[in-house]
Every structure is written in C-alpha cells, then in structure tokens.
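Hi there,

Here is the structure I promised to pass on to you. Have a look at it first, and then read on for my notes.

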Amino acid sequence: MADNNDKQVPLDDYSMFANVFSYMGVPLSRDLDNSETDVVVMGIPYDLATSGRAGTRSGPMGIRRASANLKWEEKRWPWDFSVFDRLNAIDYGDVQFYFGDSEHMLEQVEDTASKIIDSGNTLISFGGDHFVTLPLLRAHAKTYGKMSLIHFDAHTDTYSEAERYSHGSMFYHAPREGLIDPERSVQVGIRTEYNPDGHGFEVIDANAVNDQSAADTIDAIKARVGDNPAYLTFDIDALDPAYAPGTGTPVVGGLTTNKVMQILKGISDLNIVGFDVVEVSPPFDSAEITSLAGASIALQFMYMHASKK
C-alpha cells in the first residue's frame, strides 16, 4: 500500500470498506439519459421460486459488499487494461416489487430491464433465484429477437413443472415463448439428471468441462453460438460447493473458479448482449466465498464487454 510519500490514490478508490453501497463503488443512479454510461448494474432481490434453501433475495447486496475486495486492483489479472478506463457504469439499485407477488416481480423486472436496454446500455443483473432470468430474457428479446443462451449451471432448468413459479423451469418456457433458440444455445457444467433428447440444448456437462482444457470448452461454445446475439446467465451453483457454498441447491463435482474465469475470457468476442449472475445466497455462505465469486464473475462480464472497446 502507498505511504504518504507515494503518489496519492483517490480517496474513494483507496477506502475499500467505507461506504460500500454500490457494486465496485460505481455511482448509484437511475439516470439513463447520460450518453456516457455504458453499463448498468441492477439487483433483483427475489427468491420465491426457490425449491431448495432460500436466501437469494439477499444476493444482490451480498455481491455488492463482496465487490469491495476487488476495488484495490487497478487492472484485474490477467487483463491488460483497467475496465473503468473503457466503461462508465452505474448501479441502478434493486428492482422494487410487492412482497410475495411473483407476477408483479415479473412485470417490474421486464419493464425496468426494457427501459435500461432501450437507453442503449448493457445490463448486468444480480439475482435473486434463477427464475428472474425469464423476465430478463423477455426484455432483451424485445430488442435483440430470438437469442442464443450461454448457460452455466448444475441443472438444465428445462423442467416442465406444476409450479407456476419455479427456478427450474425458465428454459422450458423461454424457447416456447420464442425468446431463445435451443439449437444455437449451450449449457455448461450440468451434473444433474436431464433428457438430452427432449430440450434441444447442447450440454457440456461438468465431467467434460473438468476433464478437457478451457480452450476446448471455449471452442465448443463458439461453434454452437456463432455470431448470434447471446444472453449469458451464470447460476453460481455451476461452481463446485467448495467455491460457492452459499447457494440454494449445491451439487458436488462442479467447476472451479479458475476454469470458469478462463472460459468467460475466452468467449469475450461473442455477441453477448446481456448478463446475469444468480443464486448467491449469503445466509448459507462462509467468509463471503460465494458472494466474492459472484462479484468476480460480474466484474469479468464487465471486462468481457470492455474488451471490445
């Protein structure tokens, strides 16, 4: 750390743990008319569609708090530039909806996300359980049409379930609504039962990802998605519970954070139009391991976007 004789670091950057109200300390703002803004961060504190352990409603603030640990590094290794030299970002705060009203959540998330996308900004969303991705896809499809889905998860979430609101059914509904094209979509890290002939997605399961190089997984994702507009959704339980214990449905045998960060960097040149990281559940976390993973993945999203500028 610098002493008093060294070049002075701006106090807002130096004070890692003071006034941690926003992600990475970016301005808290709902001003979407600023032409200089590139990226908007938004939280969705919802977990009423959870089938396992609840608590992901606290995920957005957990990710924001953990991001304080990332502020000190000017350039995030192994990138060769500082993300905020290329991007201007704001934290929009959390979407607000009536407590216990899942339909209102769907409406508010879709409306708010649509407003942000229409302003010309790239949206990075923090869940919340994975069900929040459905209204996010609805909003993005209004601008980008039928998209590819790049989906990191332990579960395919393609299940046709009796429950109307379920964090295991979004990618059953999304293709039927014309939001995503399974034939140009890929799911990475899957390690629970699924019907490969029934849902149409290419699956690169956890054993394959762990056994092959990151480059092999990157090549497979690129071959599947091509130049199609793509939405990237990252369920934190794609990571092994050793790297993300604080989640509702942990499954052993998952991915490492190192492999994930390599894969994400490797697909930066795809036409990714929106991002989310979901299922961070601080009540079940230990030493902010999961929240830090979520915050780091979100920062990787920012670098991926900035690398094109």
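Predicted model: local features only at pLDDT ≥ 70, side-chain atom pairs only at ≥ 80, totals over all residues.

The model has an open sheet of 8 strands, and the pairing is parallel. If you walk across the sheet, the order is β2-β1-β3-β8-β7-β4-β5-β6. The edges are taken by β2 (89-94) and β6 (202-204); each has a single partner strand, so one side of each is left without a neighbour in the sheet. From one strand to the next, the twist averages 15 degrees.

**Around β1**

On one side β1 is joined to β2 by 4 bridges, the two running parallel, and Val39 stands opposite Ala89 of β2. β1 also pairs with β3, again in the parallel sense, over 6 bridges; here Met42 has Ser125 of β3 as its bridge partner.

How well covered is β1? Of its 6 residues, 6 are buried. Val39, Val41 and Gly43 lie on one side and Val40, Met42 and Ile44 on the other, and all are buried, so both faces are covered.

The next pairing along is that of β3 (residues 122-127) with β8 (residues 272-278), which is parallel and has 3 bridges. In this pair, Ile124 has Phe275 of β8 as its bridge partner.

**Around β4**

5 bridges join β4 to β7 in parallel, with Leu149 opposite Tyr231 of β7. With β5 (residues 186-188), β4 makes a parallel pair over 3 bridges, and His151 stands opposite Gln187 of β5.

**α2 against α11**

I also looked at how α2 (residues 59-66) meets α11 (residues 289-306). The two axes come within 8 Å and cross at roughly 80 degrees, which makes α2 roughly perpendicular to α11. On the α2 side the contact is made by Gly62, Ile63 and Ala66, and on the α11 side by Ser291, Leu292, Gly294 and Ala295. By class, this contact has 4 nonpolar, 3 polar and no charged residues.

Is α2 itself largely enclosed or open? With 6 of its 8 residues buried, α2 is largely enclosed by the rest of the structure. The buried ones are Gly59, Pro60, Gly62, Ile63, Arg64 and Ala66. They pack against β1, β2, β3 and β8 as well as α11.

**Two single residues**

Gln300 lies in helix α11. Its relative accessibility is 3%, so Gln300 counts as buried. Leaving aside neighbours within four places in sequence, Gln300 is in contact with Trp79, Met261, Leu264 and Lys265.

Leu255 is in the loop between β7 (230-235) and α10 (257-266). At 0% relative accessibility, Leu255 counts as buried too. Its contacts, again leaving aside neighbours within four places in sequence, include Phe152, Val188, Gly189, Ala206, Val209 and Asn210. Also among them are Ala238, Leu239, Asp240, Tyr243 and Val260. Between the C-alpha atoms of Leu255 and Ser148, which are 107 residues apart along the chain, the separation is 22 Å.

Best wishes

Note on methods
Residues numbered from 1 in each chain as written. Heavy atoms only, no water. Pairing = 2+ DSSP bridges. Axes fitted to C-alpha atoms, helices over the stretch in contact; angles between N-to-C directions. Parallel < 35°, antiparallel > 145°, perpendicular 65-115°, else oblique. Contact = heavy atoms within 4.5 Å. Nonpolar A, V, L, I, M, F, W, Y, C, P; charged D, E, K, R; others polar. Buried < 20%, exposed > 50% of the residue type's maximum accessible area, 1.4 Å probe, protein only.
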